[in-house]
Structures are given as C-alpha cells and as structure tokens.
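Work through the exercises below with the sequence and the model open. Try each task before you read its solution.

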Amino acid sequence: MNKTVKVMEGSMAVANAIRSCKTDVIAAYPISPQTHIVEYLSDFAADGSLHGKYVNVDSEFSASSFVYGSAAAGARSYTASSSQGLLLMTEVLYNIAGHRLPLVMTGVNRMISPPISILTDHSDTMALRDCGFMQMHVESIQEAYDAHIQAFKIAENHKVLLPMMICMDGWVLTHAFEPVTLFDDADIQEFLGGPINSYQKLDPALPPVNYGVFTDEQELMEYKHAMMCAHENAKEVINEVAEEYREKFGHYYGGVIDTYMTEDADVILLAMGSVVGTIRCAIDEMRAEGKKVGLVKIRSFRPFPGKEIAEACAGAKAVGIIDKAISLGRGGIVGMDVKEYFCNMKEKPALKDYIAGIGGKELNREVIKQIYEDLLKVNSGNILDEEVQYVNLNEYCVE
C-alpha cells in the first residue's frame, strides 16, 4: 500500500479525500471558514486531477440543490458549507435525506449570527440535527481526511442510504497545518469498492423513479420510521467501516464513540470535535497526579450512540458533558441527548452539562481541569442545584 506524508492545511486534506474518492459531482459556493476546501477542489479541477465535474453555483441553496439532483441521478456527490450558508440549505437538506440520497458534505462549524462572528462552535450543524443527515464530528485534520473517505462507504451502504455530514471545527482544523498521511487513490477506490452502486437513480434507460410525490397519512409515519431504521442500521455500519479502515490503512478513531482511560475512571468527560485532543492532554496530566478521570469521545452525533455512551460511563460517579452549542430556552444540546439515555437506569452517575467554547471562547487544559474539579463535588443528591453550568461566563448585568 502506497502512502505519503505531507504538511498541509486541514482544508487541503479534505479536498484530497474528496478527489481520491473519485467524486462525480462537486457543487461549490464559498463561505468562511469552508472556503479553502472548495478552492482547493477548484485547483484540482483546473489542473485536470479531479475525476468529476466541479460546478460553481450562485448560493448555498443552489449548491445543495445541485447535488440533490446529481445524487438522484446516481452520481457520487459532494458539497460543503458553514454557518448562515448551511442554514440557507435547510429546505434542500431535508429533501436530500428524506429521499435517501447518499451524498457527503462537510459542515465546517462556525457560530450562527447574531452577533456577527466567524468563530467556531457547533450551533450551525446542530441546528440541522433533525433533518435526517448522519453527522460525524472529527477531532483532528488526519481524522477529517480519513472520515470523509469512510463517509462515502457508510452513506452508500444499502442498509443505510442516508447522506453524511462530516462536522469539523472551523479555523482550528480547516486552517491549521499539520503532517497528514495521504493514501493512494487506487487503495481508496479498492476500500470504497469502486464507483457508487446506486440503489435507484433517475435514468432514461431504467424504470421511472418519482421524487417529491404526495403521500397521505397512511404512509407518512411508516416513511419516517424507515428513516429511523436506517439510522439504527448506520450505527453498526459506522463501526464496521471504522474497523475495515483500521485493517486496511491502520488508522482508527473509534466507531460511533471512542473511549480513553474510562475503565477505572470515577469522573468521565464527554465531548466531540477538536476539543477532544485538548481533553486527552489534560487527562494525561491529571492521571500523572493520580486522578481517575477518563474521556468518551462522541464521533457519531446522528445517529446518536446513547446506549454506547451509557455503557461506557456506567462505572463512573460523575459525568460531565461539554457542550459547544445551546438550545435556547433549554440548555446544552448534547447534554439533553445524553441525559435521556440515563434517565431510566436504576444505577447511574450524576450528570452535569457544561456550556463551553461558545463562539470560539477559549477551552484549554486549565478550563478542562476546572470542570473536573467541579465534577468532584457533584453527586445525585445535589445535581439539580446547577444542572447546566456556563463555563468562564463574563459577569454582566441584564436590565
């Protein structure tokens, strides 16, 4: 197996993955911090190294509409966006998922305005958590490269047939430069099994297929239930593909979740995205001091691995969920999902939600250690005193 190691920007790593997957159609409209991904892909199109068609469109709505059509026609399709642009795609993304079209897109995480900001949190992709897309969060540039390759194989599996959104933190991952291991195009094609094997497609040579037809109340619930079953199937497929990738390429980041030093941990932190690397470093330092702390990394946000998280945290006394998005009027979004899976357990750890890193606010090792120290005080008897805590919140006055 051939591979090369190059120092490159995170966006370039993603663009290389999309090129190596021999993607048939790429629809692009730039918005920071997604822009460099589609710029690099345009360079590949210009120098002739891109297998498929690269299409410049006039908006994010057009980009999602274009790949909606190309995926329906049986083409391996890709697009990317961020923040307000991602929200502009909302109507189309529901249609793509609802019609079971297995394309891949990158959701480059950036906060939703107002106030106006280009900094990073998870509010944009999480606003689309119910649209039907699978969502996988990545920790590093290397994982972003590998996850995009895995994403096509997961999405195109006939037990799944759902679109996949790879969520990567803007600037922190897209604009950083690190050594990245790139694999040979032929080996990637062998892993994927070659071109897309469409379950059905719009093709004049084939029997007709209808999209967007009216459905009455006798079938609607069954339609949504079928999508739920596909998400449940996806958990198994995500785990299987992660193992296949490890066997072929030697890289592994977990399946739907990954764990770090959880076996004997009294306190476990839950997180996803680029902050996971910071938490690992903080845990190493705390472990050196004899503190029993571990980490559960959530890779798959949709489908949500609630059972797997509960099993991984079963032996802990307290679990802290680090949330980089807020459901206004309720609290942390990941925290809500996690707590649901523990509520019916007879024996469970105390659970506390920590809202941190909103709008790019610094979330370093010292902050992680502060969260750990706070969790030492948490138990099932006092948790409701402050079930959600806003970390490093500036003092302010509301009139």
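**Exercise 1: the second cavity**

By class, three nonpolar, two polar and two charged residues line the second largest cavity. This is a predicted model: local features need pLDDT of at least 70, side-chain atom pairs count only at pLDDT 80 or more, and totals for chains, interfaces and linings use all residues. Residues are numbered from 1 along each chain as its sequence is written, and side-chain values use heavy atoms, with hydrogens and water left out.

Task: which residues line the second largest cavity?

Solution. Start with the term: on a 1 Å grid over the protein atoms alone, a cavity is a set of points where a 1.4 Å probe fits but cannot get out, and lining residues have an atom within 4 Å of a point. The lining is Ala356, Gly357, Lys361, Glu362, Val367, Val391 and Asn392. The space is about 30 Å³, a volume filled by probe spheres set on the points.

**Exercise 2: the open sheet**

Task: in what order do the six strands lie?

Solution. The order is E9-E11-E10-E13-E16-E17, with mixed pairing. Edge strands E9 (257-260) and E17 (388-390) each pair on one side only; pairing takes at least two DSSP bridges.

Technical notes
1 Å grid on protein atoms, 1.4 Å probe; cavity = no way out; pocket = protein on both sides within 12 Å on 5 of 7 lines; lining within 4 Å. Nonpolar A, V, L, I, M, F, W, Y, C, P; charged D, E, K, R; others polar. Helix = DSSP H or I, 4+ residues; strand = E, 2+ residues; numbered from the N terminus.
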